[in-house]
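Hi everyone, thanks for coming.

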Amino acid sequence: MGSEWEPWAPGLQRRRSSHVMAKLFVSALLVGVSFRLFFCSSSSSAPANAGVFVVLPKDRDGSSSSFDDDNIVRDGKVRNGSQASQNTVIPEAPIPVITPDVDKEKEASKEENCDIFNGEWIPNPSGPAYTNESCRFIEPPQNCMKNGRPDTGYLYWRWKPYSCDVPPFDAVKFLDAMRNKSWALIGDSILRNHVQSLICLLSKAEEAVEVYHDETYKSRRWHFPSHNFTLSLIWAPFLIKADIFENDDGESKSELELHLDTLELNWTDQYPTFDYIVISGGQWFLKTAIYLENRTVMGCHYCPKRNLTELGLEYSYRKALRLVFDFITSSPHKPVVIYRTWTPDHFENGEWFSGGTCNRTKPYKKGEFKGRDVDHLMRGIELEEFERAVAAHGLENAGRLKILDTYPLSLLRPDGHSGPYRTFHPFDKGENLNVQNDCLHWCLPGPVDTWNDLIMEMVFELMKLS
């Protein structure tokens, strides 16, 4: 290496003019390199769409060619193999922009903005989280498997929102988070249906101990001792004060009397003891009823034999919900309150009292069944009154008053009801028997389990923000 390097030194010493020329040459070279680097840097800061500007070639009639993958110039090449047209402007490609992080941000934003109530039912090969064999809390009218329902396809579906996923209910995680907390489900028999599902799911982590029930077993309370977690079911089918004159089979000896200006004390007296509440109105408002305000009869809903003003169920439902939401938002006690929307039934060829049935064995596709007019009326009132309450009472209540809009996903599950299997082996004495169907309440396990998946998702999102 030395023999190659030594002759250069004396040559440079003897030729100073050559040395100056060399400096000039190197300087010019450095200026050129600097200019090139500056130019590339400027190009890289150009807008991202600068590198994909394309003027499409003209067709014979002078119009631009259609924009399809076989007729696009990218990276200076025509993808269909032909040469680029003279009318095609191909700017110098900029330095590539790496976008994976942007895509991840978009996906994260998509998840954050996901509407968990807008989606579809998709096959779920893993099946239900529990069965009638593993959960002893399923009441007979909902125990479809024990009652002899022959098909099981309704057990193998799960709810999939379009823009995200809702994970299945995690009993261990839920109970750990709810240690020393108290929950209540307040409403009618649909809430009773719902609480059975919740207890069955929780029993995978810890067995519930019943610590209270009223004489009719409609209001009950369970305790999970290892977590000091309490779960209450409170019977309040109207949420407002009601004088009811009917038996458990729905047979009435007189019209209901609803006090539209008075809340049901059965739940308001206990309200300050709860940390979380799931509450709902329901199908009872469809019944014939006399309406009272300030202990004075104001009118009725469907009472043709009485000389009273027909006010309609819309009048009573709106009054009742406004009273409920005003109580919740004005109370000094601030639990998390989740209002569950209207539950549709799926009676076909009649109602529950006139031979209606529900024999379908798979979910509807979206748009296949749009519900009844009364469904849209009642859910519309719920959404309007909920939004009014949130808007009128500030951000504090907006953060603790939430809506569980189960209507869209429940609407698509005509296969999930007890149907004739509300009783034990209803067809043992013959297939042609006139068996009353229940197309309102749900088999357990069944679609109502998804309501608890959604509740857990909502509650844990709230916990992240608090």
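Helices H8 and H9 cross in a right-handed way, where right-handed is the case with the near helix turned clockwise from the far one by less than a right angle. Helices here are DSSP runs (H or I, at least four residues), numbered from the N terminus. Please keep in mind that this is a predicted model, where local features need pLDDT of at least 70 and side-chain atom pairs count only at pLDDT 80 or more, while totals for chains, interfaces and linings use all residues. Residues are numbered from 1 along each chain as its sequence is written, and side-chain values use heavy atoms, with hydrogens and water left out.

Who makes the contact (heavy atoms within 4.5 Å)? On H8, the residues include Leu313, Tyr317, Leu321 and Phe325, and on H9 they include Leu377, Ile381, Phe386 and Ala389. By class, that contact has 9 nonpolar, 1 polar and 8 charged residues; Ala, Val, Leu, Ile, Met, Phe, Trp, Tyr, Cys and Pro count as nonpolar, Asp, Glu, Lys and Arg as charged, and the others, Gly among them, as polar.

Now for H8 itself, residues 313-330. Its buried residues (under 20% relative accessible area, 1.4 Å probe, protein chains only) include Leu313, Tyr317, Leu321, Phe325 and Thr329.

Stepping back, the protein chain has 12 helices and 17 strands, strands being E runs of at least two residues. Of its 466 residues, 41% count as buried. Finally, residues 24 or more positions apart account for 72% of the chain's contacts with a separation of 6 or more.

Key
Axes fitted to C-alpha atoms, helices over the stretch in contact; angles between N-to-C directions. Contact = heavy atoms within 4.5 Å. Buried < 20%, exposed > 50% of the residue type's maximum accessible area, 1.4 Å probe, protein only.
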